[in-house]
Amino acid sequence: MDLKALGLALALLATPANADFDAEAFPPYERCALCHGLFGTSAIARFPHLGGQDPIYIGHQIEAFLEGSRHNDGGQMASIVSELKPEEIPIVVAWFSQQDPPAPSGNGNAVGQTHFVARGCGDCHDAEVSYLGVPHLASQHAGYLIKQMQDFRDGRRETHDGCLPHASLMPDTDDEIHAIANYLAAQRRP
């Protein structure tokens with residue numbers, strides 16, 4: 001067999017016979033895993049870790065993106081969650097909330113801890129507090145936390161119903177926001 005024939009034969013074998021993707025054949029949380037990681041630990045700070053997150057919070061955020069009350073991500077989430085059938089949302093929520101929480105990252109800092117305590121953030125977001133519907137912030141990507149705090153402060157993100165409005169609670173300076181975010185990213189979630 002000459003090299004051309006061998007090359008053609010290998011190319012034909014390497015080409016899939018049917019390249020259609022059937023999303024129905026996979027669990028719905030696998031669509032979310034492209035950004036958030038299959039087990040809820042995302043590789044990129046733009047996408048939050050979802051592993052071990054409060055299930056009510058995850059559900060609230062999916063609904064907020066679906067109804068358009070949350071839109072501070074450039075439209076990516078609205079596009080993805082609109083592919084979910086209503087009966088698939090509880091499956092997605094259960095999957096990610098039942099995964100292990102992410103590992104802490106970075107070194108944190110005492111300044112961030114001081115700001116976190118002084119602003120009363122721990123009243124709702126302390127790792128030991130378990131209010132239903134309130135997100136766990138410990139071990140979250142610092143970059144994600146920074147963006148969310150800036151978005152709350154600058155009016156690009158609203159607080160969901162039943163929660164204190166966050167805009168007035170946010171630090172005025174990015175230095176303080178960075179310190180709090182770095183402190184939280186380095187905290188282990190129980």
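**Chat: helices H8 and H9 in a predicted model**

Q: Which angle do the axes of helix H8 (residues 142–153) and helix H9 (residues 174–185) cross at, and what distance do they come within?
A: In this predicted model, the axes of H8 and H9 cross at roughly 140° and come within 8 Å.

Q: Zooming out, how many helices and strands does the protein have?
A: There are 9 helices and 0 strands.

Q: OK, what share of the contacts join residues at least 24 apart?
A: Counting contacts between residues at least 6 apart in sequence, 72% join residues at least 24 apart.

Q: What about burial and surface?
A: Of the 190 residues, 38% are buried. The protein exposes about 11,100 Å², with carbon and sulfur atoms supplying 59% of it.

Q: Where is confidence lowest, and where is it highest?
A: Helix H1 (residues 3–14) has the lowest confidence, at a mean of 53, while helix H5 (residues 89–97) has the highest, at 98. Where pLDDT is low, the predicted coordinates should not be read in detail.

Q: And what's the mean pLDDT of the protein?
A: The mean is 88, and 87% of the residues reach 70 or more.

Notes: Residues are numbered from 1 along each chain as its sequence is written. This is a predicted model: local features need pLDDT of at least 70, side-chain atom pairs count only at pLDDT 80 or more; totals for chains, interfaces and linings use all residues. Side-chain values use heavy atoms; hydrogens and water are left out. Helices (H or I, at least four residues) and strands (E, at least two) are DSSP runs, numbered from the N terminus. Buried means under 20% relative accessible area, exposed over 50%, partly exposed in between (1.4 Å probe, protein chains only). Contact means heavy atoms within 4.5 Å. Accessible areas come from the Shrake-Rupley method with a 1.4 Å probe; for residues, only the protein chains shown count as cover. pLDDT is the predictor's confidence in each residue, from 0 to 100. Axes are lines fitted to C-alpha atoms, for helices over the stretch in contact, and angles run from 0 to 180 degrees between N-to-C directions.
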